[in-house]
Amino acid sequence: HDATPYLPGRRAGLPGLRKAAAQCRGCPLYQDATQTVFGEGDTTAQVLLIGEQPGDQEDRQGRPFVGPAGKVLRRALADAGIDPERVYVTNAVKHFKFTLPEGRKRRIRKAPTLRETTACRPWLRAELRVVAPEVVVALGGTAGKALLGSGFRVTERRGALLPWTGLAGSDGDGDGAGGAEQAISGLVATIHPSAVLRADDADRTRVYDGLVEDLRIVTRLLA
Ligand code: URA
């Protein structure tokens, strides 16, 4: 089970993909989430960034990275010399996964399983095909695993230019890692911006600076 049956024809652009993704039932996460949160941004961007999944704000507003993590991300991009208006942002998983602890109002994010990221991967593949970026940035472990497989570890691979070897696994659409993915010249992995928010006060600046430092590789690649 995955998103494949919900994908529109290969000629569909981002508006068509977005519309189709809104109806996706390729995994159970649609049941509790408010809506599908599809990627958005500059559709001709050289840089495509992949987060984990929408957070609480994103789920309510239907747009990626509009909450606190998005604020950190945009600041870090700007500090790294990347115009936040000229990137495309999306998530490995397009529905918010959460738990609602008994008697509480605040929904707590739960990490998606490998099964869920795999089920959602056809959407990511379609976005990569349409946007055809030069550089892909994996923000955190979930995105890295969606791209490179379950053995991926951010701490080991962050901050280096990794070769683009295509999306991990096969989504059964028969085009393998070819097609427009050939436009991609490299992959950079870094921490998720929410790690900056979770860091202790004493550590926050250092964690943030690490994120910016990793993103500078992208700047150098595009220069
Ligand atoms: N965290 C993510 O991974 N993605 C978002 O869109 C927002 C927060």
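Predicted model: local features only at pLDDT ≥ 70, side-chain atom pairs only at ≥ 80, totals over all residues.
Six strands make it up, and it's an open sheet with mixed pairing; reading across, the order goes β1-β3-β2-β6-β8-β7. At the edges you'll find β1 (40–41) and β7 (161–162), each with a single partner strand, so one side of each has no neighbour in the sheet. The β1 and β3 pair runs antiparallel and is joined by 2 bridges. If you want a spot to look at there, Glu40 stands opposite Val89 in β3.

Now, what packs on this sheet? Helix α5, residues 141–148, does, and it touches β2, β6 and β8. Its direction makes about 130° with that of β6. Helix α8, residues 201–222, lies across β2, β6, β7 and β8, and runs at about 165° to β8.

Let me stay with α5 for a moment. How many of its residues are buried? It's 8 of the 8, so the helix is largely enclosed by the rest of the structure. That buried set includes Lys145, along with Gly141, Thr142 and Leu148. And what do they pack against? Besides β2, β6 and β8, the buried residues of α5 meet helices α4 and α6. Then, just after α5, Gly149 takes a positive phi of about 100°.

In general, nonpolar side chains of soluble globular proteins tend to be buried together. Here the largest nonpolar core has 57 residues, and the members touching the most others are Val47, Leu48, Ile50, Val136, Val137 and Ala138. Helix α4, residues 114–131, gives this core its largest share, with 7 residues. Take Leu48 as an example: leaving out residues up to four places away in sequence, Leu48 touches Tyr88, Leu128, Val131, Pro133 and Val136.

Next, the ligand. There are 13 residues around it, and the ones that come nearest are Gly51, Glu52, Gly55, Pro64 and Ala69. By type, that shell splits into 4 nonpolar, 7 polar and 2 charged residues.

Last stop is His95, in the loop between β3 and β4. Is His95 buried or exposed? His95 counts as buried, because it has 26 C-beta neighbours inside 10 Å, and the cut-off for buried is 20 or more. Leaving out residues up to four places away in sequence, its contacts are Leu29, Tyr30, Ala33, Thr36 and Gln53. Asp59 is 36 residues from His95 in sequence, yet their C-alpha atoms are 7.3 Å apart in space.

Conventions: Residues numbered from 1 in each chain as written. Core = buried A, V, L, I, M, F, W, Y, C linked by C-beta atoms within 7 Å. Buried ≥ 20, exposed ≤ 12 C-beta atoms within 10 Å, placed from the backbone. Helix = DSSP H or I, 4+ residues; strand = E, 2+ residues; numbered from the N terminus. Contact = placed C-beta atoms within 7 Å. Near = placed C-beta within 6 Å. Nonpolar A, V, L, I, M, F, W, Y, C, P; charged D, E, K, R; others polar. Pairing = 2+ DSSP bridges. Axes fitted to C-alpha atoms, helices over the stretch in contact; angles between N-to-C directions.
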